[in-house]
Amino acid sequence: MDKTLQRHRTRRHPLYKEGVSQIAHAYSEDPKKQRHLLGQWLKFCIWSISQDGDRLDTLESVTREHIIRYGRYLKAEFLNGNYASTAAPLGYLSALNTIMKAIRGDTWQSVSPRQDCGLIAVSCIPKRKPALGQDGLPDLAELAGYLLALQAALGVDLREALSLDLKQALTEGRRTGFVTVASWRSGTRRKVPCRPIAVQALGQAIAARRLQKRLPKPMAYDDFVAAHRKLAARTGYSINTARGVYVRERYQELTGLPAPVVSGLAQAAHRQALADHTGKTLSEAKSWDKHTRHRIAKEIGVLGIEPLNAYLDPRVQTHTPLAEQETL
């Protein structure tokens with residue numbers, strides 16, 4: 001279903017409407033907090049209605065178990081590469097706990113992201129491009145190496161890289177300057193710029209004849225993902241953040257300046273630098289930054305610019321031992 005239509009239908013659902021009424025009442029004196037919680041409530045309702053249909057149609061029917069299921073879904077989305085770190089899923093769960101406390105009061109038992117959902121604080125955004133050498137690596141890991149290169153060059157997630165018709169993509173990219181990528185979640189097609197580095201990544205994958213000949217069988221998919229993750233860790237990468245290289249490169253290509261996470265500038269200082277670089281006013285620079293993020297979000301197939309924050313903006317990093325990360 002089209003995402004715009006899905007949001008429209010969700011807003012008409014009684015579960016969403018009842019939650020909006022309660023949130024608006026509880027945070028009537030804090031519009032900023034109210035807007036944030038309404039956005040998180042919409043995300044939860046979209047997921048809930050798609051999973052349970054009309055069985056979950058009132059606030060009374062929302063139980064702690066439903067929130068835990070949502071948390072485990074967010075963990076799966078992180079593992080599939082749809083979040084650069086667990087910061088966003090952790091924030092979503094925190095917002096839902098806040099909403100349910102406002103509605104249920106002291107009777108609400110908060111859902112623990114770690115204990116109940118298996119979500120721990122992980123941020124492994126790569127600082128540089130990894131070397132993708134294959135010496136001594138097993139065949140399965142070599143395949144993963146080509147996938148990492150495709151993810152970084154085209155901004156695709158793991159499943160999209162696996163399902164890509166390489167020869168067709170290379171032909172289209174050379175002819176039009178874009179590659180058509182189909183979202184594995186919705187089937188929605190999007191156009192991704194085919195930069196020289198993408199032509200190189202596609203050509204190497206075709207020459208090796210690995211992606212098309214060695215696609216993992218369904219029963220071996222988990223083993224393949226494990227090998228992919230191990231190679232990523234060895235090269236300073238992550239299965240969840242391979243697209244971070246694409247996001248940061250595109251940001252610099254479009255604005256002429258490195259992303260704040262690369263330059264180390266705070267948000268205000270970065271916007272001032274952007275204004276100085278482009279000759280725009282500070283307000284225009286802020287709008288240009290937002291427009292650029294929306295453009296990149298569209299290219300990598302995510303809704304809104306919030307998922308890009310972990311790729312582009314500096315934040316306090318939580319260093320988690322690799323062994324603990326691999327339990328996710």
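Helices α12 and α15 are oblique to each other, a term for angles that are neither under 35 degrees (roughly parallel), nor over 145 (roughly antiparallel), nor 65 to 115 (roughly perpendicular). Helix α12 covers residues 243–255 and helix α15 residues 282–300, and the two pack at an angle of about 140° with their axes 10 Å apart. Axes are lines fitted to C-alpha atoms, for helices over the stretch in contact, with angles from 0 to 180 degrees between N-to-C directions. Helices are DSSP runs (H or I, at least four residues), numbered from the N terminus.

The model is predicted: local features need pLDDT of at least 70, side-chain atom pairs count only at pLDDT 80 or more, and totals for chains, interfaces and linings use all residues. Residues are numbered from 1 along each chain as its sequence is written, and side-chain values use heavy atoms, with hydrogens and water left out.

The crossing of α12 over α15 is right-handed, that is, the near helix is turned clockwise from the far one by less than a right angle. In α12 the contacting residues include Arg 243, Tyr 246 and Arg 250, and in α15 they include Trp 288, Asp 289 and Glu 299; contact means heavy atoms within 4.5 Å. This contact of α12 with α15 has 7 nonpolar, 2 polar and 6 charged residues. Ala, Val, Leu, Ile, Met, Phe, Trp, Tyr, Cys and Pro count as nonpolar, Asp, Glu, Lys and Arg as charged, and the others, Gly among them, as polar.

Helix α2 (residues 14–26) and α3 cross at roughly 160°, their axes coming within 10 Å. The two helices are therefore roughly antiparallel. Their crossing is right-handed. Among the residues in contact are Leu 15, Tyr 16 and Gly 19 of α2 and Leu 37, Trp 41 and Cys 45 of α3. By class, the contact of α2 with α3 comprises 10 nonpolar, 3 polar and no charged residues.

The mean pLDDT of the protein chain, the predictor's confidence in each residue from 0 to 100, is 79, and 76% of residues reach 70 or more. Over residues 123–140 the pLDDT is below 50, and this stretch has 37 contacts beyond near neighbours in sequence.
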